[in-house]
Amino acid sequence: MNCELLATCSALGYLEGDTYHKESDCLESIKDLIRYLRHEDDTRDVRQQLGAGQIIQNDLLPIITQHGHDKTLFDACIRLMVNLTQPAMICFGKVPDDPVFRHHFLEVTSHLQAYKEAFASERVFGVLSETLYNLLQLDWEQRQEEDNLLIERILVLVRNVLHVPTDPCEEKKVDDDASIHDRLLWAIHMSGFDDLVQFLASAQSEQQWSLHILEIITLMFRDQTPDTLVSAGQSRSAEEKLRDSRELESLRQKEQAEKRSRTFQRGTRHSRFGGSFVVQGLKSIGDNNVIYHKHVHSFKNYTHDTGKAVRRVPKRHRQAQECKDQRRSALNVRLFLRDFCVDFLENCYNHLMYLVKERLVREQTEQHDETYYLWALSFFMAFNRGNGFRADLVSETMTIRAFHFIERNITNYYEMILTDRKEATSWSRRMHLALKAYQELLLTVNEMDCSPDENIRQSSNVIKSNIFYLMEYREIFLTLLRKYDETKQPQSYLKDLVESTHLFLRMLERFSKGRRNLMVQRKRVRQKKSRGPKKPAAVETSPEALEEIWKVVEEEVRGSGFQLSESLTEGLVPFDAASETPLEEQRTEAMVRVQDALLARQGPMALGLLRAAREVWPEGDAFGSADVEPDEELELLKQILHANLPRSSPPELPADDEDEIAELEEEELASVQVSEREFNYLDFIKRFANPAIVLPYLLLLKSYSKNTAHTNHCIARMLHRLAFGLKMDALLFQLSVFQLFNKILNDPAAAAYGELVTFAKFVINRFFAVAAKNNKAYVELLFWKNVTAAHEMTEGYVSEGVTKSPAWTEEEEEELRRLYEEHRHSEVPDIVETLLPLLSNSNRTRRQVVTQLVHLGLVDSAKELKKPKKGTRIVLWTEEQEQELEMLFEEYKDSDDVLGNILKKLTAKRSRARVVDKLLSIGLVSDRRQLYKKRSSGAHRKSSGKGMTEEEFLENLTQGFAEDPVDGEDEDDEAEEDDEDEDEEYEEQEKENSLNGSSQSLSSPLGSRADIAPMVFALQQEGLSGPISWLQNSLLKTAKDREEDDFSQAVPLVPLAEANEDAMENRRFLKLLRKLGLRAPADEQEMFWRIPAKIRPSQLLNIAAALGSSQEQPRLDEEQVLSRGPNKESQEVEQEEEEEEDPGEQRAQALRDLALTRKKKQRAAKHTDSSPMTTEDGDDTTERSHKKTSAKRSRVLDDDDDEEEEAEEEKNGQDTTAGHLDGNNDADSDGEDVSAPVKRRRKMVLIDEDEDED
């Protein structure tokens, strides 16, 4: 022992006889020991040295028994003992694999076992019980924090002592003898500590100790079984006596059989003259027969493996080890524990289990604490069944919540077995506990069915209807049997699983027989087809194919004049900048890319890659010299095409990674559909006809001699259901099964297994009956068979290979051709479904008809006859539907909303796009704009100016402007309704665009600034200037990042401000985003809109500039109108007359321009009379504004302007425009009153047209 530790232990005191004399500094020494333990190393050296010095036996226990009145010293001793009795598993974290640490682990365990023996004293537990009793007598108001800590430490100390594992090799105790654990339990009983435990479990004011109490109770009954406690002190029942007599009879029969076999093997002569024999038909290592040198009677045990070394089984393939065996404690201990169980069930069980369950659900416990709950549930419910069943004593755990809790834990434990493979054994034991709890719930429900109380039987029916209805509970045993793994789960687990399955099926059979229409829930996991990119097909590289490819490529390159477009050259990069391969070593890969482009018949791209690679690797002239001629480039491309270049295969993912990726894809693509269907018991049993389920049963049957009679009955009953009930006896036609049957039939104690013997004879007789008809039956014995193979083995094989459909006769082909020609133009939704009932051979399937149509050349591909999916839009129009559409169009063609009225009245509901296409195809309308919504007649007359003079029109321009926003809102509401109708169609188009990668949406903003400007202005009128600026800044930042990084990826638009979040819910703002080419969330995995990766930085700058110029557009347009002369006005009026189709709208626009011109002349005259300087400044400002406007327009169309110059010019333009507007406001406010409302109305009309176009 370390000298410091030795000195500290010596300073505690000394034991003289039975009296302990403590030193003056005893308390400080105990605190020093606690401090030493806090700083011990990984080998737990301090703990080992204190254990070797027997500090608990010689010092600490005498101190608390003789000096317990010193409260401070008593607390310190309890603290130290709690630390010293800590389980070795907690000290080391797990059982160490390293031999050195394993030795330290075993040393600590041996010291703990010595501590446990020392604690098996009534005097020690008497002191602990007395102290705990005094603390519990204190009310909550009087109890201090130190008192609560001492209560918890005493409970933890008792828990630690009870947790210490026994060492059966050291104790060498037999059943009914008192072990150390029994002596400890007896000390707990004699001291009255068990009464305190029951008080803590039942008291309402002591709920915080519920988990500690449950752990103590679980460890007290660790070595017990409910059956042994129930039968303690009672005479054996008739059933037990019968069971014991059967066991004795089987043992006697085995013994007699062994005696008879020894008698037959023993010859009349002594064994020294055994002789030598030649075994006919059994070859030795050479070509000769085997020579046998032993007695002839022992030849049946001969095998070629005799004398060979036993093959070592890898650890991962070894069968899982069983847990330690149960032992029977001393009778007085069993009687005390039986009384404890009775009192606990009556007073504590429901209350304690409720508290623990709530803490488990709320996750207020330590890891794996649910195992104590599962053990207590199964143990005490089993004891209640055996000790005069009373349902009210276990009502807390007889609920659907309990079934759900256990089922969830079973699923979780199985998943952890697969993921945490190093701790698979521990997870398997926890899974076994959960299975036993589930089995006990079923046994209790079955016991409730036999209760004389009608209410209890009714409650049982309610529980059964729930567990049989839900698929999770109904199919849990199917899943567990299919997933059984003998290397991770012991045979005891399989035994409980088989017995639980037998009980569940028996209950389900009885429940379903009494009900005709039993509805159950069904969940189907529907796998969606993955839209991932398919592997490209291999290109044919024969010389003839390469020559054909070269002709196409050469023609394409010569046709382009060896000139490449800028859009093609910008995106061509001959190397991979992100690759770990050095740039110089990527030269071959660049040449492979050129060859791939040539094989894909993309001549310009191959030429662009060649030129780009020449710039990166100019040395060596591998890609041609710097001054290469076009013809030489063409010849170089031809050489690359015909070259045999080394290609690197893509790296293969490890098997684990591929499985993980496949699982993730399945999770993302799987959708669960819940439905109801009528339950059929026979169909449910058919799901057990699977080799994966039969194998565990046969594995358990191999140990038939060790199984109980009930276990063998469960196995035989299940196999009988499959072989006799389902006529699937061929599932058991397997050589290993027959070998097992042979072992059962030849067993000397076969009379004790009458059920198994009868079943084995039945299966073997059935096999020989099948073998008489099927000459391949003996070969089939070598393989496990599924349902199809088993059916073919007994009923006959359909074909030797793939099942072929019956051939088509000439008459059937002619009939099919004739029917197809008759109905090909009938425009029916599915022509195959129309042809099937008309065929003379009604046995033809849809696939056979489609295949024959393709074979006859009537259709080019089976895709043309693809069955329409349910819920898709109706595409084909019948004559009646076309006539109905024409009538509706004639009826509503003069209404304000032609298309809306037609959609409401159509009998066959179709989308807006289908109706519009049909109206265009039959010539009822010539342009989609004719179907747009029209404004109200009053607004139309007011805007067109029909029946009004110029003066009346000018006077009315300033009237009713307060009503315009209201009208605009009404029109907006109508437009929103239209948008809601078109949402589905638009989303489909968006998905197609995103999948196809079309660039139309990316280029549309650059060519439709006139459409963007009114949309931005309308959003500004709604108060969305801030979100528009946020959008513009996001586009500019993304463009800058892509220019710097030379790397593009989709950038999400994350609205952090509340105003931006509101804007992302605005329909008009989202329409602007679509117009700009931004991408909506693709699926439920995405939350935000994104800037697509395919938009180049220059395009982003143009879009941002368009947004910026659109913000200035209303003011600039007004200034331009005021600064235009009559010639410009007439020119623009003529242009508008060419663009507009409504003559009333043309006249209204002309009158507006005329009014603005007159007001401008009046204001110019007024300025000239009052202040000429202001007029000149205003003119100069107007000219500067016009110049800035034109400069800004040219900047939008130019992709190569510098960003800093753009910002500076935009800032100057804003300042100048602001000064000009201020001047106008000071000079004359009437001009603004006249022009602004006119401009606003014009913008509103443009917005409506834009929405209709969308």
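Is glutamate 40 buried or exposed? In this predicted model, glutamate 40 counts as buried because its relative accessibility is 12%, and the cut-off for buried is under 20%. The residue sits in the loop between α2 (26–38) and α3 (45–52). Its side chain makes a polar contact with the side chain of arginine 44, at 3.5 Å. Once the neighbours within four places in sequence are left aside, glutamate 40 is in contact with Asp45, Val46 and Arg47. A network of salt bridges links Glu40, Arg44 and Arg47.

The protein chain has 57 helices and eight strands. It consists of 1254 residues, and 42% of them are buried. Among contacts with a separation of 6 or more, 74% are between residues 24 or more positions apart. The accessible surface of the protein chain is about 71,600 Å², and carbon and sulfur atoms account for 49% of that surface.

Salt bridges come next. Side chains of opposite charge can pair when their charged atoms come close. Over the whole structure, a search finds 29 salt bridges. One of them joins glutamate 346 to arginine 390, with the closest N and O atoms 4.0 Å apart.

Another salt bridge is formed by the side chains of arginine 401 and glutamate 358, at 3.6 Å from N to O. This pair also links distant parts of the chain, since arginine 401 is in helix α19 and glutamate 358 is in helix α17 (residues 349–361), 43 residues apart. Arginine 401 is partly exposed because its relative accessible area is 46%, whereas glutamate 358, at 18%, counts as buried.

Where do arginine 818 and glutamate 822 lie? Both are in helix α38 (residues 810–823), and because they are four residues apart, about one helical turn separates them. Arginine 818 counts as partly exposed, with 44% relative accessibility.

The cysteines are a separate topic. How many disulfides does the structure hold? The count is zero.

Which residues form the patch? They are Leu735, Val779, Leu782 and Phe783, and together they have about 390 Å² of accessible area. Valine 779 is in helix α36, which covers residues 777–780. With 49% relative accessibility, valine 779 counts as partly exposed, because a residue is called exposed when its relative accessible area is over 50%.

How values were computed:
Residues numbered from 1 in each chain as written. Predicted model: local features only at pLDDT ≥ 70, side-chain atom pairs only at ≥ 80, totals over all residues. Heavy atoms only, no water. Helix = DSSP H or I, 4+ residues; strand = E, 2+ residues; numbered from the N terminus. Buried < 20%, exposed > 50% of the residue type's maximum accessible area, 1.4 Å probe, protein only. Contact = heavy atoms within 4.5 Å. Areas by Shrake-Rupley, 256 points an atom, 1.4 Å probe, with all protein chains shown as cover. Patch = residues over 30% accessible without salt bridge, like charges linked within 9 Å, V, L, I, M, F, W, Y side chains within 5 Å. Polar contact = N/O pair within 3.5 Å; in protein donor to acceptor, adjacent residues only side chain to side chain. Disulfide = S-S within 2.5 Å.
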